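Hi everyone, thanks for making time.

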Amino acid sequence: MATVKKSKKGLFIAIGAVVLAVAVGGSAIGVVASRNKTPQVSLYTISSGDINEVVNSTGTVSSGTVKDYKVSSVATVKEVFVKVGDEVKEGDMLATFDTSNLDSELAQLQVAYAQAKESYESAVIDQKNAQAYLDEINPQIEELEKTVTELQELVNYSETSSTSTTAPTTKPSTTRETVTYTVPERETESTSRKTYPPNMAGAIEALTDLVASINEISGSVQETNELTQLVMAIILQEIENGNLSSDAIADKVGEAVSKAISDSINVEIVEAAVRAVDWNAIGTAFAGTPNVNLASAEVRLASLYAQKQLFEISASQDSLNAKKQLMLTSKNALDAVQEADEELTAGWVAAFDGTITACDLVAGTETNLLSSGISLQNLGTMNVTVSLGEYDIHKVKVGMSATITTAYGQYDGEVVSKAPTATGGTDNSMLDSVGSMAGISGLSSLTSSGAGVQVVISVKDPDDNIIAGFDADVVISVGDNVGITVVPIESIVLEKTGSYVYLYNEEEGTVTKTLITTGAISDSYYQVLSGLQPGDRIIATPSSEYTEETFEVRVK
């Protein structure tokens with residue numbers, strides 16, 4: 001039998017092929033493993049749509065329709081047309097009021113709301129600008145830190161070399177101590193002169209105080225940034241020229257600011273902020289530095305640290321949420337007084353046929369919140385009483401249509417009354433807070449810790465199947481919104497700080513957690529008031545496991 005001799009060359013080729021296959025396979029596995037770590041998502045494209053907004057709640061059925069007419073604001077009673085025991089028809093006038101004393105209160109609330117709204121809208125812009133400035137400043141700080149380190153090493157080396165080549169003397173060492181850069185917490189203080197340590201840490205503290213003072217008189221982060229850069233440039237130049245007089249530096253800054261900034265900035269306040277800093281302290285640190293380039297770099301680095309602290313505060317979500325909550329509170333207060341004014345101006349009118357069971361109004365007197373007002377009752381009807389939370393109650397008005405559903409059927413209804421004040425609840429209702437922030441209907445009525453306002457809905461054409469004492473589901477139609485920007489409910493992440501979506505960046509292949517403001521709501525969609533526009537693409541169903549603000553995704 002013939003023997004086949006194997007070639008060593010062929011063997012090496014075979015081994016090489018196996019190794020290559022394993023390497024390629026391992027690389028492929030690595031790529032697959034890497035891709036498996038990247039979330040795979042489906043996207044939804046934001047568009048316009050219509051929402052028939054409703055408020056949902058569950059209440060208790062009771063016999064007899066009762067409407068309590070109570071005052072929620074102080075007004076003068078003009079005339080009272082009924083007394084206890086009178087029978088009235090739907091549409092009969094019960095009482096009229098003089099609401100002229102509400103005009104000043106309304107004007108003040110309108111101004112307060114306008115200011116709070118403007119402040120919130122400016123804060124939204126400031127937050128975006130501050131983040132952009134942080135993205136710009138952080139690389140500058142990183143680069144300047146490297147430069148300072150290199151210059152410090154150069155100075156230390158030069159001093160060491162000089163010492164080693166000269167005879168020892170009793171002269172103190174001029175070796176420069178390394179400065180640890182930490183931005184100090186700013187203390188609240190007057191504009192009187194403050195003494196800072198004669199070192200670079202003192203320079204950082206002084207410049208931080210100065211930037212904070214400038215921010216207090218500025219109208220926006222952008223204006224603060226521009227003003228700060230101008231002031232810092234003048235200060236640095238004066239120090240480099242050996243001018244360490246606070247008064248002289250303040251005059252130079254004031255002159256430059258006057259030329260560059262609009263009349264909306266009080267130049268004298270800027271000068272006072274500059275003058276309040278002891279520039280001799282900074283100058284001492286500057287002049288005592290063996291290397292002018294090192295000193296200049298450290299002063300510039302200190303000014304960047306000061307600006308960074310300001311931008312981090314402005315970019316904070318907590319600051320934005322506080323202003324948003326103030327705006328919502330101001331709006332709710334304005335809405336409540338406007339509604340009360342409209343109701344009292346129109347006068348109280350009987351909502352249905354019935355009997356006056358209470359009346360303590362007297363013509364010519366002032367109303368008060370302890371007054372019982374007027375009560376109208378019709379024992380021949382059925383009604384459902386529900387409790388609505390802070391967000392929902394401002395949408396609901398007397399006369400709105402409703403649908404009532406029980407275990408045995410569905411009935412038409414109408415809102416006949418709502419109480420002027422909320423009852424029950426505590427200050428710590430998580431559901432109520434999130435519901436009010438995110439615009440979710442009826443959350444506060446789902447928990448005993450959420451305060452609610454009593455709303456009565458009359459049942460039209462009741463029959464024997466609707467029984468007093470049982471629960472009924474109520475849907476109140478509060479308005480149609482046509483051609484608005486909408487987003488699916490399942491695409492929104494609800495947190496105590498607000499409503500968020502994950503906005504897709506096609507160029508980067510990433511998504512970013514983005515705050516949105518919502519308005520009207522249906523069973524499937526929210527109205528988007530800000531944060532998104534038609535054409536934007538978002539994750540259709542975000543995962544609760546996302547932990548990063550911005551991350552890469554794979555689109556299905």
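Predicted model: local features only at pLDDT ≥ 70, side-chain atom pairs only at ≥ 80, totals over all residues.

Let's start with helix 4, residues 221–240: it has 20 residues and spans 28 Å from first C-alpha to last, close to the 28 Å expected at 1.5 Å a residue. That expected span is 1.5 Å times one less than the number of residues.

Residues are numbered from 1 along each chain as its sequence is written, and side-chain values use heavy atoms, with hydrogens and water left out.

Zooming out, the protein chain has 11 helices and 20 strands; those are DSSP runs numbered from the N terminus, helices being H or I with at least four residues and strands E with at least two. Of its 556 residues, 42% are buried, meaning under 20% relative accessible area with a 1.4 Å probe, protein chains only.

Now, in what order do the strands of the open sheet run? It's 4-6-7, 3 strands with antiparallel pairing. Strand 4 (76–80) and strand 7 (348–349) are at the edges with a single partner strand each, so one side of each has no neighbour in the sheet. Pairing here takes at least two DSSP bridges between two strands. Strand 4 and strand 6, residues 93–98, pair over 4 bridges, and Thr76 has Asp98 in strand 6 as its bridge partner.

Note on methods: Buried < 20%, exposed > 50% of the residue type's maximum accessible area, 1.4 Å probe, protein only.
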